[in-house]
Amino acid sequence: IVEAYSSGVPVVVADQNVAEAQPGIVGAFPSERLLAIDAGERNKRLAAAEAMLEFAFSRRAERKDAWVAIGGGTTGDLVGTAAALYLRGAPLVQVPTTWLAMSDAAIGGKVAVDLAAAKNSAGAFWPPVAVVADVAAIETLTPDLRLDGMAECLKSGIIGDPWLWDLVSTRGLAAMASGDSADLAARYAIVERSALLKVGVVDRDPFELGE
């Protein structure tokens, strides 16, 4: 991925919680320009994006050096916004680690930060050059975060995938389980079908003008 989409060393930005829980994912990327952040919703502001821009510039990142976002939807939004602004646009690679981000948020290229009065009010359409999700990362998520992801997939089923709706209805609880009782095949299929539906919508209407 780095060789294909980054002319030089990428700027890798990871949620610090993910860096602790999933060292293998973060460690798969070069560490020369690695920045760990607090990806809480309260930090999804322009100031946080500006700090990333200053970090990249201080490390002499070039325009064609990719930015890699490792984490959930907030991380993807923050890093995506910074990538869209850096030297007027750097390649973005999304590495979602939450169920919700894998199935929806990392796909499509909507990146934004919050303003005082409203969420996601300052941003851009900046599609990633690649999205890479390891469904095994779901195993480290809390039950609430798994439920967030399942709700997103349920929404996808309602929007336009009866097969996905049936799969969630019959095997969704098992897909959310932990350890040996988890239905890993159903988990993978649910994430994949939701992601494919999102890709289809984005391909047809990339700038949210209609569908």
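This is a predicted model: local features need pLDDT of at least 70, side-chain atom pairs count only at pLDDT 80 or more; totals for chains, interfaces and linings use all residues.
Local features need pLDDT of at least 70, side-chain atom pairs count only at pLDDT 80 or more, and totals for chains, interfaces and linings use all residues; side-chain values use heavy atoms, leaving out hydrogens and water.

Now the strands. Strands are DSSP runs of E, at least two residues; helices are runs of H or I, at least four; both are numbered from the N terminus. Two strands pair if DSSP finds at least two bridges between them.

What is the strand order in the open sheet? The five strands run β2-β1-β3-β4-β7, with parallel pairing. β2 (34-37) and β7 (130-131) are the edge strands, each pairing on one side only.

Next, the helices on the sheet. α4 (residues 46-58) lies across β1, β2 and β3, at about 160 degrees to β2. α5 (residues 73-85) lies across β1, β2, β3 and β4 (92-96), at about 165 degrees to β3. Axes are lines fitted to C-alpha atoms, for helices over the stretch in contact; angles run from 0 to 180 degrees between N-to-C directions.

Back to I70. Beyond four places in sequence, I70 touches a list of residues including V12, A14, I25, F29, V95 and T97. Contact means heavy atoms within 4.5 Å. I70 is also in the largest nonpolar core, which has 29 residues. A nonpolar core is a set of buried Ala, Val, Leu, Ile, Met, Phe, Trp, Tyr and Cys residues joined through side-chain atoms within 4.5 Å. Buried means under 20% relative accessible area, exposed over 50%, partly exposed in between (1.4 Å probe, protein chains only). I70 is one of the members that touch the most others, along with V68, V95, W99, I138, M150 and I190. Which helix gives the most to this core? α8, with five residues. A separate core has 22 residues, among them A61, W67, A90 and V111.

Two helix pairs next. α7 (143-160) and α9 (184-204) pack at about 55 degrees, axes 9 Å apart. They are therefore oblique to each other. Angles under 35 degrees count as roughly parallel, over 145 as roughly antiparallel, 65 to 115 as roughly perpendicular, and the rest as oblique. M150 of α7 and I190 of α9 are among the residues in this contact.

The axes of α7 and α8 come within 7 Å and cross at roughly 165 degrees. That makes the two helices roughly antiparallel. M150 is one of the α7 residues here too, and W165 is among those α8 supplies.

Past its neighbours within four places in sequence, D104 is in contact with E152 and K198.

N120 sits in the loop between β5 (110-113) and β6 (122-125). At 40% relative accessibility, N120 counts as partly exposed. Leaving aside neighbours within four places, its contacts are K44, D77, A112, V113 and D114.

Key. Residues are numbered from 1 along each chain as its sequence is written.
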